[in-house]
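Okay, thanks for making time, everyone. Let me put the model up and then walk you through a few parts of it.

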Amino acid sequence: MAFQVNLANRLSKLPPYLFAEIDAMKQQALKEGKDIINLGVGDPDLPTPPHIVESLKNAVEDPSKHHYPSYVGMPAFRESMANYYKNTRNIELNPATEVQSLIGAKEGVGHIPLAFVDPGDIVLIPDPAYPVYESGTYFAGGEPYFMPLLAENGFLPDIDAVPADILDRAKLMFINYPNNPISAVCDMSFFEKVIAVAKKHNIIVIHDAAYADVVFDGYRMPSFLETPGAKDVGIEIYSLSKTYNMTGWRIAAALGNAEIVGGLGKIKTNLDSGVFEPIQHAAITALDSSQDCVIENNKIFQDRRDVLVDGLNSIGWKVDKPKATFYVWIRIPEGAKSSEITKRLIQEAAIVTTPGNGFGPHGEGYIRMTITTPKDRLEETVSRMAKMQF
């Protein structure tokens, strides 16, 4: 009998890679010599600020920083992270027990279920959502229960609609504001509702706040941890990736309830060796220095947002201006399918977008565009779409 490689059953539960066909069409368009405008990737095109890069250079030249780092993060990094939350959100955190370094927010989100979810436990997940909430649940043997994010509810999950028996079985709840892919935001009354339900049903809350500081028009996104009782039931995951254009650097932090942070730490101690120290030094520089670079970044993204949204509205699309993130969530024409519009945009206009149903069934009827490309390319996007018939 020929040797056979059999994947674990848990991998069979993962949703298919829905964007493979889009990638294939993009490559075909490139082969045909088309001028592709890629609005599908959530990766800032702006460089990491120079003072952060310089900090990395200086640290990496020190041989003493080439060894295994701390599993939970350098004390100095955890202190800087705690100070940042104190200065920007007036939240008190104990750096020793309530702050944990992460190799990017994705790593934290993916590993959290392994610490708290047993086979058969329920994990409450928004729909549409960042796909790792679902895949991390499957890796831990959990069962996802999807909470629809609907326009009529302000794209907030209707927790009251979740059956009581599901809430009783739930171990974790993922929430994410500002939201990817929708760009929706929430106020503290929503967090208060989540905390009340979590306390009643003993559910750990994970608030993914990766886009918390990518904000426009003077808007300030409240932190989950600002809400009374939040640290009793959950943690917030903060990423430096989007705030400082550091997506490739892979550094973030889990903040909040010491037992939850500690549980995640036990998983990480066994599965990784922490964040390279020079990267942590650069992160300290980012957090401790002037935040003018963040303000400038947000101005650039705000200008781009206005170009794209105003342009789309001018040619007949109905698009709201997001208060945060660098995504624009766009309702497509009635009766059309997200995947069909995505295909047409690539084939007819060489514009790459992301179909909403790639983030979950309730993303159907929408496409997502990013504003991580210069204004002239966004103007060109609108010009090309104006020539199409929808």
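This is a predicted model: local features need pLDDT of at least 70, side-chain atom pairs count only at pLDDT 80 or more; totals for chains, interfaces and linings use all residues.

Residues are numbered from 1 along each chain as its sequence is written, and side-chain values use heavy atoms, with hydrogens and water left out. When I say helix or strand, I mean DSSP runs numbered from the N terminus: H or I with at least four residues for helices, E with at least two for strands.

Let's start with strand 8, residues 252-256. Five of its five residues are buried, and buried here means under 20% relative accessible area, with exposed being over 50% and partly exposed in between, using a 1.4 Å probe and protein chains only.

Which strands pair with strand 8? Pairing, by the way, takes at least two DSSP bridges between two strands. Strand 2, residues 99-102, pairs with strand 8 in the antiparallel sense over four bridges, and Leu 102 stands opposite Ala 252. Strand 7, residues 234-239, is also antiparallel to strand 8, over five bridges, with Ile 235 partnering Gly 256.

Now strand 12, residues 366-370. Again, five of its five residues are buried: Tyr 366, Arg 368 and Thr 370 on one side, Ile 367 and Met 369 on the other. The open sheet here has three strands in the order 9-12-11, with antiparallel pairing. Strands 9 and 11 stand at the edges with a single partner strand each, so one side of each has no neighbour in the sheet. Strand 9, residues 327-331, pairs with strand 12 over five bridges; Tyr 327 stands opposite Thr 370, and Trp 329 stands opposite Arg 368. From strand 11, residues 354-355, Thr 354 stands opposite Arg 368 as well.

On to helix 15, residues 375-386. Which of its residues are buried? Leu 378, Thr 381, Val 382, Arg 384 and Met 385. They cover an arc of only 165° around the axis, which puts them on the same side of helix 15; that arc uses the directions from the helix axis to the C-beta atoms. Their cover includes helix 13, helix 14 and strand 12, where contact means heavy atoms within 4.5 Å.

Last, the cores: sets of buried Ala, Val, Leu, Ile, Met, Phe, Trp, Tyr and Cys residues joined through side-chain atoms within 4.5 Å. In the largest nonpolar core, of 64 residues, Met 81, Leu 124, Leu 240 and Tyr 244 touch the most other members. Apart from it lies another core of 29 residues, including Ile 37, Tyr 327, Ile 351 and Met 388.
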